[in-house]
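Please examine the sequence and the structure shown below.

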Amino acid sequence: MEDKRAILISISIILLLLTSIVIARLSLKLSKTFYLICGAAVAAILSVAAIFVIRTRYHSRRRQLEHQLSFQGRELRIDYSFLRKVAGVPTKFRHRELEEATDGFRAVIGRGGSGSVYKGILSDGTAVAVKRIDGGDERGEKAFKAEVAAIASVQHVNLARLLGYCIASREGARFIVYEFVFNGSLDNWIFPKIRANQRSGCLSWNLRCRVALDVAKALSYLHQDCRSCVLHLDVKPENILLDGDHRALVSDFGLSKLKGRDESRVEMTTIRGTRGYLAPEWLLENGISEKCDVYSYGMVLMEMIGGRRCITVLDKGHHSKKKFQFFPRIVVEKLKEGKLMEIVDDRLLVEGSGVDERELRRMVGVALWCIQEKPRTRPTMAEVVEMLEGRRLVQEAPHTQMLVVDLLSDDEDDDDGRTDNHRRQPRGATVDHGNPSSSDYSMAFSVMSGR
Ligand SMILES: Nc1ncnc2c1ncn2[C@@H]1O[C@H](COP(=O)(O)OP(=O)(O)OP(=O)(O)O)[C@@H](O)[C@H]1O
């Protein structure tokens, strides 16, 4: 439109000029020089008009192209982010985005060995849990890479969903962004509240059974259905999250390890995991396998049944050796005495709570198979799923020595049996064949660190 108007104006000016020249020539009888000057003037005006037209055309074409490109770019970005979401590829967030989402990292929802976890809301309204992995050291880097690599390659309804990550080089921290899981971790739902400000509830028997199955399915998927076998290596109630419907989601892959399908074990140079859930082969055998997760799962199953930690410290005296009460031993005794109901979480034994003795026997049986001392005696997680679903008979578990791997350290235990720094690596570990002491339930065997 603008082009046409410019051309019309230019032509009108030229015509006007030519007419004035002709009129001037006829009326004033001017010389040839006059014609030359006028011709040059017309040529100059024509050039200016041409430049003007070319410029406007160029600018309008440029604007048109820019508009077209930005539209196509926007479409491509939408397609790309859609494809990323569909393929489950984690997004790389900017530090500022996470800072805004978490309101400056204010709302802490959990603390673990590797850092703190904050609640946040992304700009599109998605609720997220942002896990900050502290320390720019090698260990922090390893935990970050292991977690992102492991969880980014797996997808299962019972695994916490990774949305993205962020590396803030200036702050020396790394962040992992998970979908927010509304009911927090399982420990708050099976152990009695120990702090006034603690958010907790008591999970019903039926929900405990469902959670046990959900976790077993997630672990079976990690061990058997992924391209490489994923060893979680930190299965414990704190790492099992419950969504709004109390479905379980296994989370925290910071210690996980990949094992090739053709490998039976992987060599490890350091002990990974949490005291109380560590399988004996961490110190007794060469290399570890998915059976470590099976052991930890068995311990979690025991804790879900009893509503208590498997290991409780009885004696915290400075001079005497620590004495432990090992819940699975109590379970075995009660089973022998035919008083299995006595081991169930007291809070579930109110009338109408629906604790079914047959189901209880099955759960206890599975847990006892899982915590067998020898890894090869333990079932696979797929077999555990079959047993829990009643598709496989749970036979009586053989007697096992019930070894407890404990990384003794200077720090005091919490009331819930967890040490503050519960992910210690033992220095110069020694094996101590402690006698079963005066307490019936003290540990039969402990593995002590030289801290
Ligand atoms: N996606 C989530 N939604 C809600 N709460 C979460 C989520 N992820 C973690 N949390 C909370 O934060 C706590 C600590 O998280 P997490 O275990 O992943 O941290 P960590 O530093 O790796 O700890 P750990 O020492 O157990 O490895 C959890 O026990 C849970 O209460």
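Which residue in E5 does Lys92 stand opposite? Lys92 stands opposite Tyr165 in E5. The model is a predicted one, in which local features need pLDDT of at least 70 and side-chain atom pairs count only at pLDDT 80 or more, while totals for chains, interfaces and linings use all residues. Residues are numbered from 1 along each chain as its sequence is written, and side-chain values use heavy atoms, with hydrogens and water left out.

**The chain as a whole**

- The secondary structure of the chain comprises eleven helices and 14 strands; helices (H or I, at least four residues) and strands (E, at least two) are DSSP runs, numbered from the N terminus.
- Of the 451 residues in the chain, 47% are buried, where buried means under 20% relative accessible area, exposed over 50%, and partly exposed in between, with a 1.4 Å probe and protein chains only.
- Among the contacts in the chain with a separation of 6 or more, 63% come from residues 24 or more positions apart; a contact means heavy atoms within 4.5 Å.

**Strand E5 and its sheet**

- Strand E5 covers residues 162-168 and is mostly covered, with five of its seven residues buried.
- Strand E1 (residues 91-92) runs parallel to E5 and is joined to E5 by two bridges; two strands pair if DSSP finds at least two bridges between them.
- Strand E6 (residues 173-179) pairs with E5 in the antiparallel sense, over six bridges.
- Within this pairing, Ile167 stands opposite Arg174 in E6, and Tyr165 has Ile176 as its bridge partner in E6.
- Strands of a sheet pair through backbone hydrogen bonds, either parallel or antiparallel.
- The open sheet consists of six strands in the order E1-E5-E6-E4-E3-E2, with mixed pairing.
- E1 and strand E2 (108-111) stand at the edges with a single partner strand each, so one side of each has no neighbour in the sheet.

**Helix H11 and its two partners**

- Two packed helices are described by the angle between their axes and the distance between the axes.
- Helix H6 (residues 205-225) packs against helix H11 (residues 381-388) at an angle of about 150°, with the axes 8 Å apart; axes are lines fitted to C-alpha atoms, for helices over the stretch in contact, and angles run from 0 to 180 degrees between N-to-C directions.
- H6 is therefore roughly antiparallel to H11, given that angles under 35 degrees count as roughly parallel, over 145 as roughly antiparallel, 65 to 115 as roughly perpendicular and the rest as oblique.
- The contact involves residues including Ala212, Leu213 and Ala216 of H6, and Met381, Ala382 and Val384 of H11.
- Helix H10 (residues 357-370) and H11 have axes that come within 10 Å and cross at roughly 165°, and the two helices are therefore roughly antiparallel to each other.
- In this second contact, Arg362, Met363, Val366 and Cys370 in H10 meet Val384, Met387 and Leu388 in H11.

**Glu285**

- Glu285 is located in the loop between helix H7 (281-284) and helix H8 (291-306).
- Glu285 counts as partly exposed because its relative accessibility is 34%.
- Leaving aside residues up to four places away in sequence, Glu285 touches Arg265 and Pro375.
- Glu285 and Glu267 are 18 residues apart along the chain, and their C-alpha atoms are separated by 9.9 Å.
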